[in-house]
Amino acid sequence: SSGINAEYGGSSYDHAITVFSPDGHLFQVEYAQEAVKKGSTAVGLRGDSIVVLGVEKRSVPKLQDERTVRKIHKLDDHVCMAFAGLTADARILVNMARVECQSYRLTVEDPVSMSYIARHIASVKQHFTQRPGLRPFGLSTLIVGFDYDGSAHLFQTDPSGTYHEWKANAIGRSGKTVREFLEKHYTEEIAASDEACIKLTVRALLEVVQSGGKNIELAVMRKGQALEILDTKTVEKLVEETEKERDAEAEAKKKAAGKS
């Protein structure tokens, strides 16, 4: 039986990227998804007239210039991307996406649509799962921005090359926990308020990020405006306000439970 296990177990089918295991798995793609789960948490949220990206900032060594550590990247004037996973892989993918955005402008003479650039990034990733001698990109992405008609969009892509549109989502370490939090708290009322969207993104990150504002990076894009990366003071103020509101809610729940 050990011979059969060796023949049909994961270990015999995880060397070549293009070979399916008998039960239908592509192990190298699944291992790439594990690399994503080890990455910093990233959260994306789409409001009616705003899109927000929030990422967990890992602490950098004392002598390192933290400007060189970026998890949020601008792809075009109206498109922005955050990622979880391998930073070096992300750099290559970001460059490819930026070139495609400019190529689209030259060809069509319009800014790239959100669904087009999400599909393009997903297609590049899929290509790297089907060719011998290549390996999958070890990252998932959250792509946010506005279409030409002013509608906000949030797309997520993963190493297998699939992509979906979301109202709110999280990737990376503890992504599942944060997604469940967003499922509970995201409402149409929140989507209608820019401030509520930003605060919900912060609150979602605080579910998994320790030591508050200095470990959070936030990017905001409003309809018709350029991408804005919020400075540390603004983020810390938002974290403080969000924590106060969260504590007040918990207190109110306690009182309500005590009365009942």
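This report describes strands, nonpolar cores, aromatic pairs and one histidine in a predicted model.

Residues are numbered from 1 along each chain as its sequence is written, and side-chain values use heavy atoms, with hydrogens and water left out. Because the model is predicted, local features need pLDDT of at least 70 and side-chain atom pairs count only at pLDDT 80 or more, while totals for chains, interfaces and linings use all residues.

**Strands**

Helices (H or I, at least four residues) and strands (E, at least two) are DSSP runs, numbered from the N terminus. Two strands pair if DSSP finds at least two bridges between them. S1 and S2 pair in the antiparallel sense over five bridges and form a hairpin with three residues between them. Within this pairing, Arg46 has Val51 of S2 as its bridge partner. S1 also runs antiparallel to S8, to which four bridges join it; there, Ala42 is partnered by Ile171. Four of the five residues of S1 are buried, so S1 is largely enclosed by the rest of the structure. Buried means under 20% relative accessible area, exposed over 50%, and partly exposed in between (1.4 Å probe, protein chains only).

**Nonpolar cores**

A nonpolar core is a set of buried Ala, Val, Leu, Ile, Met, Phe, Trp, Tyr and Cys residues joined through side-chain atoms within 4.5 Å. The largest has 28 residues, and Leu182, Ile216 and Leu218 have the most contacts inside it. Elements giving two or more residues to this core include strand S1 (42-46), strand S2 (50-56) and helix H8 (194-206). H8 gives the most, with seven residues. A second, separate core of 21 residues includes Leu75, Val112, Ala118 and Phe137.

**Aromatic pairs**

Rings of Phe, Tyr and Trp (its six-membered ring) pair if their centres lie within 6.5 Å; planes under 30 degrees apart count as stacked, over 60 as edge-to-face and the rest as tilted.

| Pair | Centre distance | Plane angle | Class |
|---|---|---|---|
| Tyr104 and Tyr116 | 4.8 Å | 50° | tilted |
| Phe155 and Tyr163 | 6.2 Å | 45° | tilted |

Tyr104 is buried at 18% relative accessibility, whereas Tyr116 is partly exposed at 24%. Phe155 is buried at 5%, and Tyr163 is partly exposed at 29%.

**His153**

His153 lies in strand S6 (residues 152-157) and is buried, with a relative accessible area of 14%. Leaving aside neighbours within four places in sequence, His153 is in contact (heavy atoms within 4.5 Å) with residues including Arg46, Val51 and Glu165.
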